[in-house]
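Hi there,

Here is the structure I promised to pass on. My notes follow below it.

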Amino acid sequence: VEVKWGIRYNHGGGYQYRLCPDAANLTEDCFRRHPLPFDESRQQLEWLNGSRYAIDGVFVDIPGAATWARNPIPRVNFDSSSSGQPANASGCWPDPRTQAATGPGCRQFDPPCPQDHGWFADPSLG
C-alpha cells in the first residue's frame, strides 16, 4: 500500500502508521498495538507537480514498539513568528564553546536532495 503525507508547517519530528482491526474497539491503545511496518527501500519525496525523488529514509527502532520514521525535510530554526525568512537571519555558524551549528538559519540536518536551496525546494533543478 502506498501512503503519502504532507507538511504545511514543519516542526521536525517523525511519524508512524497504525491500524486498528475492524472488530476491535477503536481506542488509542488498539492503534498502538498495531503499527504498520515501513518498506524502508521505497522512501520518496513528491512535489506538487507529481515529480518524485528517491531518498534514503532514517528509521528508528523503538524497543517494545515498532519503527518510527524521521521527517525527511529538515526543520529550519526560525527566530520569526512569520512564515517567511527568519528576521535578521545571517545564516548558521559554529558556537564558539561547543562548535555545534547555531543561528536562526540552521537546519536540523542536511536535506536529502540536491533541489533543496535552504528556504525552498525546486524539483526542476534535480
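A residue counts as buried under 20% relative accessible area, as exposed over 50%, and as partly exposed in between (1.4 Å probe, protein chains only). Gly57, at 28% relative accessibility, is therefore partly exposed.

Please keep in mind that this is a predicted model, where local features need pLDDT of at least 70, side-chain atom pairs count only at pLDDT 80 or more, and totals for chains, interfaces and linings use all residues. Residues are numbered from 1 along each chain as its sequence is written, and side-chain values use heavy atoms, with hydrogens and water left out.

Back to Gly57: this residue sits in the loop between strand 3 (52-55) and strand 4 (59-61) (strands are DSSP E runs of at least two residues, helices H or I runs of at least four, numbered from the N terminus). Between the C-alpha atoms of Gly57 and Ala69 there are 7.2 Å in space, and the two are 12 residues apart in sequence.

Now the disulfide (a pair of cysteine sulfur atoms within 2.5 Å). The count is one: Cys20 is joined to Cys30, with 1.9 Å from S to S. The link of Cys20 and Cys30 is right-handed, with 100 degrees about the S-S bond. Cys20 lies in the loop between strand 1 (14-15) and helix 1 (28-32), and Cys30 in helix 1, so the pair ties together parts that are 10 residues apart in sequence. Both Cys20 and Cys30 are buried.

Best wishes
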